[in-house]
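Me: Could you walk me through this structure, taking it slowly?

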Amino acid sequence: MFRLKEKRAKELADGIRNGTYMVLREYKNFDFCICEKLRNWKEDSDEEEFVPGQVVLLLENKFKSIPYKAQLAEYEKAVCKLNPEGKKNKVKSEIYQKTGKFINANNKALKNVQDSPLDCHFVLLTLSKDVCGLGVGENGKWHVASYQEYAKILLADKTKHFKHDIIRDYAGYVDKFCEYVAKKLEVKTDKPWNKVLCPNKELL
């Protein structure tokens, strides 16, 4: 099962709490992502106070549909394009906070910003890991996780509280639904069900 390294997971969780990172839904058509949280440096006073910077985690949710390679590869390319710009935007934000001045694209400080390797976690969350293959996209960075794996983790939490009871009830439903799907599909290694259902798409 895919898990972030403990140190990185703690960094992201702490960053969300203290305002270093922001959680977004449907940003650039991504289902869910965590981005750097930047103070807005733009001159338009009607803009939001904070804007997203580099994408550090992207999660694609496939509960009611089937994942296919071309879509995931496009998401990865989008992040590859967004993050270098996000790095420059972070410099703009820092300069604005220090000096109160807005800088344009020709500023020397931006020209000195160096491209760095893509530092983003790509996660595909699906009903069944059997429909998926690793190494998707230009850099092969996608990790696959199933709803059933996370459901079992939630079910193992024995905390006695009303909200935890509700979460466990939902997790129990998801766990049973995943079992039902797996039984009905009867996935075989020589004939994946996704290629039977959608033979015209390059599926995982």
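**Talking through the model**

Me: What should I know about the numbering and the kind of model before we start?
Reply: This is a predicted model, in which local features need pLDDT of at least 70 and side-chain atom pairs count only at pLDDT 80 or more, while totals for chains, interfaces and linings use all residues. Residues are numbered from 1 along each chain as its sequence is written, and side-chain values use heavy atoms, with hydrogens and water left out.

Me: How many helices and strands does the chain have?
Reply: The chain has 6 helices and 5 strands, where helices (H or I, at least four residues) and strands (E, at least two) are DSSP runs numbered from the N terminus. Along the sequence they follow the pattern α-β-β-β-α-α-β-β-α-α-α.

Me: Where is the confidence lowest, and where is it highest?
Reply: Going by pLDDT, the predictor's confidence in each residue from 0 to 100, the lowest mean is 43, in helix H6 (residues 193-197), and the highest is 94, in S1. Over residues 188-204 the pLDDT is below 50, although this stretch has 30 contacts in the model beyond near neighbours in sequence; contact means heavy atoms within 4.5 Å. Where pLDDT is low, the predicted coordinates should not be read in detail.

Me: And the average for the chain?
Reply: The average pLDDT is 78, and 73% of the residues score at least 70.

Me: What about glutamine 54, what is it in contact with?
Reply: Glutamine 54 belongs to strand S3 (residues 50-62) and is buried, since its relative accessible area is 17%. Leaving aside neighbours within four places in sequence, glutamine 54 is in contact with Ile34, Cys35, Glu36, Asn83, Gly86 and Lys87.

Me: How much of the whole chain is buried?
Reply: Of its 204 residues, 37% count as buried.

Technical notes. Buried < 20%, exposed > 50% of the residue type's maximum accessible area, 1.4 Å probe, protein only.
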